[in-house]
Amino acid sequence: MANERTAGALGVAGSLLPVVAGLVASAMLVVDYLRPTPVFCVEGGGCDALRHTAIATPLGIPLPLFGIVGFLAIGVASLLRGPRARVAQLGLSVIAGMVGLSLLVVQFRLGKLCPFCCVADASGILSAMVASARLWLASEAPAPRVLTYGGAAIMVLAPIVPLVAGFRASPVPQVIRDELAQSPPGVVTVVDFVDFECPFCRMTHPELQAVLEAHPGHVRLVRREVPLKMHAHAMDAARGACCAEKLGKGEAMAQQVGLSLEPYRACVADPATDALIAADKAEFQAAGGFALPTLWIGEVQVVGAQPQERIEEAFDRAMVRAGS
């Protein structure tokens, strides 16, 4: 009898471990699927790439929601005793395992790995393995009530905690929110952290420019200079851009467009220009920047070289929030 009680307790504990992990990962993914800017995932990473594929929303429903429902069903079956419960647990877990394995294969083929997706997928596979072992047990006594009730409580809290925390959190850094607050209604603020010698920044510039030109009067562009030490001429280019902006010529830095060279040269040599660039770099760090280019289009962050469609999508979402 003691062995049967032990088997029952181990069956519940072993079954709930992958269920809880799958619930937490799925709930975090739900938050990032529904928020305009990811809270848990990295913008531009594997999670973000998969979120924009066809498999992300079967029947128009975010895939992680199916994960939450599925893991809850497996968890309920694991808390029940008897052969029917074990068969139900195995059937549900096998489905979860097959889906998880299929999604892992898809990620590998796409070359984009989402860490939270991997946890949820692996949890489905592990659930199938645990359910198979439980089914083949000769017999099992009911698990202690404290374990059953405690397991049920943990199973309920597992998705609730990340959902509440994720939807209450602001994924937009304070420095970006301060910048957004300066734009009038109907105008989208675009904060562009850039290094002029960065090849990916140069790739992104025409894509961004095309979107900006398509919405005249509805965009406020804020450029922040982040020259990287690895680029020998990035600092000179940043000084030139700052001074051209200060002298009212924006990106145009040639004498042929009417820029007086004496004030320009004085500005480039002025220590205040370097201080301004240092402040831009500090703002990039305060915004959690980790790669260039980094764009904040309203509250939507876009990292790395992205196609024009991705920038347009972010801009459209920002326009809706701005009331344009």
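The model is predicted: local features need pLDDT of at least 70, side-chain atom pairs count only at pLDDT 80 or more, and totals for chains, interfaces and linings use all residues. Residues are numbered from 1 along each chain as its sequence is written, and side-chain values use heavy atoms, leaving out hydrogens and water.

**Strand S1**

Strands (E, at least two residues) and helices (H or I, at least four) are DSSP runs numbered from the N terminus. Strand S1 spans residues 188-194, and seven of its seven residues are buried, so the strand is largely enclosed by the rest of the structure; buried means under 20% relative accessible area with a 1.4 Å probe, counting protein chains only. One side carries Val188, Val190, Asp192 and Val194, the other Thr189, Val191 and Phe193, and all are buried.

Together with helix H8 (residues 199-213), S1 and S2 make a right-handed β-α-β unit; right-handed means that, with the strands pointing away from the viewer, the path from the first strand over the helix to the second runs clockwise.

**Leucine 59**

Leucine 59 lies in the loop between helix H2 (46-51) and helix H3 (63-79). At 80% relative accessibility, leucine 59 counts as exposed, the cut-off being over 50%.
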